[in-house]
Amino acid sequence: MKAEDFISDDFLKQFKTGKELNDFLALIQKRGIEKMLEGELDGHLGYNKNEQTNNDNARNGYGKKKIKTQYGESEIKVPRDRDASFNPMIVPKRESMVEGLEEVIVSLYAKGMSVSDIEEQVREVYKFDVSGATISRITAKVAEDIVAWQNRPLEPVYLIVWMDGIVFKVRENSKVINKTVHIAVGLRRDGLKEVLGMWLGKNESAAYWMSVLTDMKARGVEDILITATDNLNGFTQTIRSIFPDSATQICVVHQIRNSCRYVVWKDKKEFTTDLKDIYAAPTRQAALAGLDSLDKKWTSKYAYAVKSWRENWDELTVFFDFPIDIRQIIYTTNLIENLNGKIRKYTKNKLSFPTDDAVMKSVYLALRESSKKWTMPMRNWGMILNQFLTIFGSRVKI
């Protein structure tokens, strides 16, 4: 039954202030928790209240306990049993905080707030104190979640996998050094995006990505139809060594940025306009004509910028093998770069991390927050899926 089925508009109109409504919700939650505790004890004892039983254990009155919830602090009655073996799940022994508030604290931590900031926020909003030690204990549980999440089985087939790295400063042996969190996002056969994992290494290299891909394969991935990556040296060969049938697309946006590094500021606008004749061309043949024009116009001045397009041509133009709808989602790694941007937003208050575990915990929580909205298939998914089925056939259905 839905709440609107038994709560009338007239009933709700009686609340004149936010505090009155909050107090009512706190009372409802208190009574709900107490009834849930009664139900837990029934399950623990194996019989309902007032039923006859031969069980040696039995109810033994109530104790009192103060709990902290998102509605504030309140006192509840906790049923007891004779042999004291009952340990309720909703409010465990020696715990005073219900799960909902713990989730609030974890969410605040994920958004980059410090322990002291969270203490102050809880005090202001919920009108009670929660210690820094308690907050640290709650967020420390995330480490267990990371292990389970990082080792979970993956889908046998991903239509697309985007891969990229994000650099953080981490303390190691009394020095602060750069380390890279490698992130992979997969497009599943139901059209949903999924973060496949995060892997921490000292730097982004083809050799390290090989260990990432090997881990993904060990967790159940049998085939990746298309990969989208930056133009890291040796990346394409690494992918093909683990998933030999994968089509490997180098991110065009990365290529544009890299080639423009060799172009002086006054020429960049004209140079990038000419580049558009390549990556925005309707066909590979037209793109090659655009590259020839670029070569003729700019090689004498920016030979290396043009040469890099020639050298990476095969991997840069893989997207031309596919219909427009698929092209638009594989020719760039913008999807994962946008994800990296959100991670940066959540971790911007941390100039450096004290340990590897600290950076992994922060990135995991940021990923969890950022991917909460990934609940719907990609736009035009029915059409895109049919295109994949037409091109790849049985490989989609493994």
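Me: Which residues of helix α5 are buried, and what arc do they span seen down the axis?
Reply: In this predicted model, helix α5 covers residues 132-140, and its buried residues are Gly132, Thr134, Ile135, Ile138 and Thr139. Seen down the axis of α5, these buried residues line one face of the helix, because they fall within an arc of 160 degrees.

Me: Which residues are buried in helix α6, and within what arc do they fall?
Reply: Helix α6 comprises residues 142-150, and its buried residues are Val142, Ile146, Trp149 and Gln150. They line one face of α6, since their directions seen down the axis fall within an arc of 90 degrees.

Me: Which exposed residues does α6 carry on the face turned away from its buried side?
Reply: Val142, Ile146, Trp149 and Gln150 are the buried residues of α6. The face turned away from that buried side carries the exposed residues Glu144, Val147 and Ala148.

Me: Which elements give two or more residues to the lining of the largest pocket?
Reply: The largest pocket holds about 230 Å³ of space. Its lining consists of Trp149, Arg152, Arg188, Leu192, Lys193, Glu194, Val195, Tyr364, Leu367, Arg368, Ser371 and Trp374. The elements that give two or more residues to this lining are β5 (193-201) and α16 (356-370).

Me: How many residues in the lining of the largest pocket are charged?
Reply: Arg152, Arg188, Lys193, Glu194 and Arg368 are among the residues that line the largest pocket. The lining divides into 6 nonpolar residues, 1 polar residue and, as charged residues, 5.

Me: What is the volume of the largest cavity?
Reply: The count of cavities of 30 Å³ or more comes to 1. The space in the largest cavity is about 40 Å³.

Me: Which elements give two or more residues to the lining of the largest cavity?
Reply: The largest cavity is lined by Val252, Ile278, Tyr279, Trp309, Trp313, Leu316, Thr317, Phe319 and Phe320. By type, this lining divides into 8 nonpolar residues, 1 polar residue and no charged residues. The elements that give it two or more residues are α10 (265-279) and α13.

Me: Is Asp314 buried or exposed, and what is its relative accessibility?
Reply: Asp314 is found in helix α13. The C-alpha atoms of Asp314 and Thr248 are separated by 9.3 Å, although the two residues are 66 residues apart along the chain. Exposed means over 50% relative accessible area. Asp314 therefore counts as exposed, with a relative accessibility of 58%.

Me: How many aromatic pairs does the structure hold, and what are the centre distance and the angle between the planes for Phe322 and Phe392?
Reply: The structure holds 11 aromatic pairs. Planes under 30 degrees apart count as stacked. Phe322 and Phe392 form a stacked pair, with the centres 6.0 Å apart and the planes at 20 degrees.

Me: Where in the chain do Phe322 and Phe392 lie, and how many residues apart are they?
Reply: Both Phe322 and Phe392 are buried. Phe322 is in the loop between α13 (313-316) and α14 (324-330), and Phe392 is in helix α17 (residues 381-392). The pair thus links distant parts of the chain, its members being apart by 70 residues.

Me: Which residues do ring pairs link into a cluster?
Reply: Aromatic rings pair if their centres lie within 6.5 Å. Ring pairs of this kind join three residues into a cluster: Phe271, Trp298 and Tyr302.

Me: At what distance from the ring centre does Arg344 lie over Phe168?
Reply: The charged end of Lys217 sits over the ring of Phe243, 5.6 Å from its centre. Arg344 lies over the face of Phe168, and its distance from the ring centre is 4.8 Å.

Me: What is the separation of the C-alpha atoms of Arg189 and Phe388?
Reply: Arg189 is placed in the loop between β4 (175-187) and β5. Arg189 is partly exposed, with a relative accessible area of 24%. Arg189 and Phe388 are 199 residues apart along the chain, and their C-alpha atoms are separated by 9.6 Å.

Me: What is the phi of Ser174?
Reply: Ser174 lies in the loop between β3 (157-172) and β4. Ser174 is exposed, with a relative accessible area of 67%. Its phi is positive in a residue other than glycine, with a value near 70 degrees.

Technical notes. Residues numbered from 1 in each chain as written. Predicted model: local features only at pLDDT ≥ 70, side-chain atom pairs only at ≥ 80, totals over all residues. Heavy atoms only, no water. Phe/Tyr/Trp six-rings, centres within 6.5 Å; stacked < 30°, edge-to-face > 60°. Helix = DSSP H or I, 4+ residues; strand = E, 2+ residues; numbered from the N terminus. Buried < 20%, exposed > 50% of the residue type's maximum accessible area, 1.4 Å probe, protein only. Lys NZ or Arg CZ within 6 Å of the ring centre and 35° of its normal. 1 Å grid on protein atoms, 1.4 Å probe; cavity = no way out; pocket = protein on both sides within 12 Å on 5 of 7 lines; lining within 4 Å. Points joined across faces, edges and corners; volume = space filled by probe spheres on them. Nonpolar A, V, L, I, M, F, W, Y, C, P; charged D, E, K, R; others polar. Arc of directions from axis to C-beta.
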